[in-house]
Amino acid sequence: KIKDSYGESTSDKKSKKKKKVAKNPTRETEKLNEAISQSKEAKLDAKKQRKGKEKPAKDFVQNTNTQKVVKAAKNLKENVNVSSSKKKNLEKKAGKSEEVKTNHSLEKKQSSVKIEPTKAKHLRFETAKNESVQSDEKTAKFHEIDYSLLNFSLGHPIVEMTEEVSYWFEFLPKLGASEKNKNRSSPPKVIKIMEQKAQLLLEKETESWVRKHFNGESGDDVFIKKVLKNGTLSDKISALTIQFKESPFHRLSDLDKLVDLASKKDRRTAEMAQEALKDLFINDLLPDDRRLVPFRLRNFQHILELNEKDPALAGKLLMLWYFEGEILRRYGNLVTELEKATKDNVANTKLTSLRMIKELLESKPTGEVQLLAILVDKFMDPDQKVANHSVYLLQEVMKRHNAMREVIAREIQQYLHRPSMTTKAAYTGLIFLNQIMFKRGDGEFVQSLITTYFKLFERGVQNEDMRNRFLAAILIGINRASPFLNKDCELLNQHLEKLFTLVREVDFFVATQGLTILFQVTTQKRKEYSN
């Protein structure tokens, strides 16, 4: 702050002036009247001096004084107007607040007359009788309940293999609610608690089964123990598979041993264990009609509802769900080990692992997305023998399961649109797509394939040595697919000019393929014009 000679800052002076104006408006009006009268007197004196032609030296000072007085008068008027407007605004606000208070008091009286605060909740739940409200109450109950207080009383052992029930998934009860909402996610706390409870149930089940069946060891058990200690590698793997097949539900430790052997660095031991695990999963562990569901995606609300009716059945179902999740986890470990084997330096290990992946893919639906992606990725393998073998294996899968044509073709289309795709790898993918067999009614499927062909055609080929072969593969695929297009489709008409210019630039074989496409389009147009 800059202080003047009196020791007061300019801002303090301004604030004081404002305060004075705000406090006593009457004094301000008096000052205003005095200033106006002074200005009038000054004007009269000036007129008299003009008439008498007297020009004193103080004229200039008087004029400046009058101007200052007029300015001060204007400022005072503005301040008075501002203070009066402020007063009016304050009065309006006070009137509004009084109205709001009166309205609020009236609303309170009305609410107190209609609904008492103690009965508000009961009335709200009584009026809401729709199905949506009932489902919301169930979900609230599901989230609010303490799952750690749940107790499942089971008479172990419950699950035992017999001649009638030879697979573990046949023990699962056919419950519609659990299968409909199997992919319903639960809070992580609930999953953790239910997983701990299911693990305890499975441990009790295995302990009771071992006590029941191994009071006295038989001759077969003694022989298997000797083989596991002193036998060869193949004998140990076969002994572990025999033990596990006896009761898969109670022999997860044997399956873990096989998974550990499959992850060994020694190629021979890993291949033998992977072969044994592949046979176990195909023949004994994976169902044919559905995929395995992980434990975290189960509908635990169904367990809550079932526990009120039948606690033993609820505990059994929870234990089977947990076992299914454990089987799926071990199956995932096998798939990862097979994927690692496909990236090995030795070509024979690659080929054997690809063969196992193909057998798993064509046998069971569980994990088909991962297995299919592994086989398609091997189109980019630097060894052309491995790439061609993966093409052959996918063709075998398609022959056995004709319904998987579109799934496999979609995966290869995504593979072809990768930015880091080499011409050689794209050529192997095109060879596979060229050999797909079509039928009537595949119009949309054929249209998607032809669009991918033309996209690859527009992208061009950087390698000049592969250019003619690549373009020939594209045109062969268009020739084979175009007769199965829908009649309304005009996809070929959009690219006729490009095909006509291409025919002049390429060699004889590629030109003949382009001319056959043009001939098909012209014949189709002739038929339309004749009709």
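Which residues in helix 10 meet which residues in helix 11? The points below take up this question after a short account of the chain.

1. The model is predicted. The chain comprises 22 helices and zero strands. Of its 531 residues, 37% count as buried. Among contacts with a separation of 6 or more, 72% are accounted for by residues 24 or more positions apart.

2. On the helix 10 side, the residues concerned are L255, L258, V259, L261 and A262; in helix 11 they meet T269, A270, A273, Q274, L277, L280 and L285. By class, this contact has 10 nonpolar, two polar and no charged residues.

3. Two packed helices are described by the angle between their axes and the distance between the axes. Helix 10 (residues 252–262) packs against helix 11 (residues 267–285) at an angle of about 140°, and their axes are 7 Å apart. Angles over 145 degrees would count as roughly antiparallel; helix 10 and helix 11 are therefore oblique to each other. Their crossing is left-handed.

4. In soluble globular proteins, nonpolar side chains tend to be buried together. In this model, the largest nonpolar core has 109 residues, and those with the most contacts inside it are I408, I412, F432 and L433. Helix 13 (residues 311–342) gives the most to this core, contributing 13 residues.

5. Leaving aside neighbours within four places in sequence, I408 is in contact with L372, L394, V397, M398 and F432. Of these partners, F432 is itself listed with I408 among the residues that have the most contacts inside the core.

Key
Residues are numbered from 1 along each chain as its sequence is written. This is a predicted model: local features need pLDDT of at least 70, side-chain atom pairs count only at pLDDT 80 or more; totals for chains, interfaces and linings use all residues. Side-chain values use heavy atoms; hydrogens and water are left out. A nonpolar core is a set of buried Ala, Val, Leu, Ile, Met, Phe, Trp, Tyr and Cys residues joined through side-chain atoms within 4.5 Å. Buried means under 20% relative accessible area, exposed over 50%, partly exposed in between (1.4 Å probe, protein chains only). Helices (H or I, at least four residues) and strands (E, at least two) are DSSP runs, numbered from the N terminus. Contact means heavy atoms within 4.5 Å. Axes are lines fitted to C-alpha atoms, for helices over the stretch in contact, and angles run from 0 to 180 degrees between N-to-C directions. Angles under 35 degrees count as roughly parallel, over 145 as roughly antiparallel, 65 to 115 as roughly perpendicular and the rest as oblique. A crossing is left-handed if the near helix is turned anticlockwise from the far one by less than a right angle, and right-handed if clockwise. Ala, Val, Leu, Ile, Met, Phe, Trp, Tyr, Cys and Pro count as nonpolar, Asp, Glu, Lys and Arg as charged, and the others, Gly among them, as polar.
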